[in-house]
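Good morning, colleagues. Please look at the structure on the screen while I walk through a few of its features.

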Amino acid sequence: MPEVVKCKDLNFRDFQFAQTMIFAIEEINNRSDILPGISIGYNIFDSCGSITLSIKSAMTLMKGQEEEQSNISCKKQNTVHAIIGESASTPTIAISSTTGPFHIPVISHFATCACLSNRNEFPAFFRTIPSDYYQSRALAQLVRQFGWTWVGAIRSDNDYGNNGMATFVQVAQQEGVCIEYSEAFSRNEPRDKILALVEVIKKSLSKVVVSFTYHLDMAVLLKELSLQNITGLQWIGSESWITDKYLASGDGFKVLGGAIGFSIPNAEILGLKEFLLKVHPSDSPGNTFLKEFWETVFKCTLPNKNETDVINPCSGSEDLGEIKNQFTDVSDLQISNNVYKAVYAIAYSLHHLFSCKNYDTRPDNMTCANQTSIQSWQVSQSLQTVNFTTANGESVYFDKNGDPAGIYELVNWHWSKDGGTEFITIGYYDASLPKGQEFKMNNKSMVWAGNQKLVPKSVCSESCPPGTRKAVQKGKPVCCFDCLPCAEGEISNQTDAIDCIKCPIEYWSNKKRSQCVFKEIEFLQFTEIMGILLVILSLLGIFLTIIIATIFYYYRHTPVVKANNSELSFLLLFSLALCFLCSLTFIGQPSEWSCKLRHTSFGITFVLCISCVLGKTIVVLMAFRATLPGNNLMKLFGQTQQRLSVFILTLAQIIICAVWLISSPPIPIQNMKYYKEKIILECHVGSDVAFYAVLGYIGGLSLLCFVLAFLARKLPDNFNEAKYITFSMLIFCAVWITFIPAYISSPGKFTVAVEIFAILASSYSLLFCIFSPKCYIILLQPEKNTKKHLMGKTP
């Protein structure tokens, strides 16, 4: 058979709760405005936190008889109208489950388990302490507010700890907090299990421990932590132990110093201190708890009437005013005030029942009570509507689940000047406020673990800076991650970004990948080195062309200039000057007019140039054919025909360009395909057909000119111009054949540079190959600038 459960040791804190209940009852009985002419009685049982003793006490109260009167019939009418208790959730659940079917209201001052708010299971349960539904969420938000994402969690292995921690873990995960470990324990377990829990705490990486434990369980754990000198951890406590001065005394501060947690708002109960200091065993002979308390505090023995030989008897003159312990300390009356409010709530509910006169106006069709036969369900129903204000201005009411408002104080353990622990209120939490506004911190400084002034860090991985994103480490919680840099064109502009944001099409990421910036605009500019060099080459070509034209004009009457049609030579020089000039239109930011001008001017000037060269080549061929007897070819291709051929060939290109400009002209575009990080400003040709027609026409004329010049290159003459035309056209064709792949493969502004280079190279080839030999003779070998020499008649 199991042994009978017996209580051991007296808990001064719980004894203060019991005396507070007696104080409140006597205060109500002495008042005339509440229950006039009616006195409230009470029975107090000590359950020692045991479920078995709690149920036994509840059964005794339900039967309305003393414990030793177990032989009395249960048919006796109930005499208990309400039960105040327990100081823990698990025994309270046992009591409420036992009394629930009989609708006997149970009001707890300290049971916070959210499970007790279930009206289906506990229809007559009430409490004056907020539900852990609010506290668990407040703890999770508190942890996240200080930036702790990697925490350990311990709990009492009972309904209070298990339910409270389950809610905390759920909300913490929603807040982005990860739990490194979650361990449950009980003070009744073997020491080996407590030591195993301590080992888990020692080996963990988290610097923050959330403790949802009963204060008696915490005392057992604190003892082992102190023995192993485990300090420096930031403890987050539930309301059960966070203001327990027993835990804060001795070595408690060394281990738990700087702890923070939520407590019930403190209150002042007028007259309670005087009442507690005046209690005496002689005034309450039936109060066995007071007798045990007296003997424990003063370390003496109160003799019974039948006892004569008592060792160290109490004198009866002992003074509680000289004693400092949890019973006499009224500086923290959070829970005692809950007992006080519970007694008054029962008194007001009875008062409402007795003062009821109108049956129809009572809520839920409540019937008025008869003073001689009050039913427990009537008291329970009346409690649901109670709403009063205490002497210190605190409003007391119950919601539909029997819970009060979720209001807490946030306290911090400080080391006081007198060498003790001081609980400093550093903020408040009101669950009734809108989301995000529940916390209200005051300006008081905080002390952290190890007496530090800076908030400790407790993260599995350091925060990812802007420009990176979080990548969860395989097999680990989401709080353990690597920081990966954003890809090109993507940014993250906040800390701990989950994903990188792609920049808009006209933007690109900066080097730090922290913001989108305008893409670099690229086009061939006049001010850059490459642009300057090309401009110099173009201007140099124009300058050389003008010099050659001047020389030719000055020596226009000499045989070298007259040979092979000087008029075509001047026209060719003019067209070459235009070719050098049109290359400048390819430099600078493209616009509508520049795009139209650069392609059409290029096409027309080059056709004019090639037409002149073609005309000169035909003239050479005709001239040698004309020396044959009876040949009149030169008459068929005289000056007029030469001008007409140049005009017709050039007009054809002008018509092609006109159709091009009318149908689908070149336009400036932003090319974002070639470079991801740049925008290339370039000219789109518009109509590909027209563009290739212009190039094809130039290529056809060039090829024809090359073939004719090649055929005339070996004609007998001291100055056969066809040889130089052949060489110039060979270079011309080679430049434009190599231009095609270079043009296609060159990126960005280099495409334009290649095109300009091709224009300049081909123009320079014509200028030097055709005109430099003539200038050489004119300037350096004037003796050869004679008709006889050119006709080959000199020896």
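Predicted model: local features only at pLDDT ≥ 70, side-chain atom pairs only at ≥ 80, totals over all residues.

In which helix is Gln19 found? Gln19 belongs to helix α1, residues 12–29; helices here are DSSP runs of H or I with at least four residues, numbered from the N terminus. Residues are numbered from 1 along each chain as its sequence is written, and side-chain values use heavy atoms, with hydrogens and water left out.

Is Gln19 buried or exposed? Gln19 counts as buried because its relative accessibility is 3%, and buried means under 20% relative accessible area with a 1.4 Å probe, protein chains only. Leaving aside neighbours within four places in sequence, Gln19 is in contact (heavy atoms within 4.5 Å) with residues including Phe275, Asn287 and Phe327.

Let us turn to the cores. The largest nonpolar core has 85 residues; such a core is a set of buried Ala, Val, Leu, Ile, Met, Phe, Trp, Tyr and Cys residues joined through side-chain atoms within 4.5 Å. Helix α12, residues 334–354, gives the most to this core, with 13 residues. Apart from it lies another core of 64 residues, with Phe552 and Tyr697 among them.

Finally, Tyr697 in α20 is also one of the residues that meet α19, whose side of the contact includes Leu649 and Trp660.

Note on methods: Helix = DSSP H or I, 4+ residues; strand = E, 2+ residues; numbered from the N terminus. Buried < 20%, exposed > 50% of the residue type's maximum accessible area, 1.4 Å probe, protein only.
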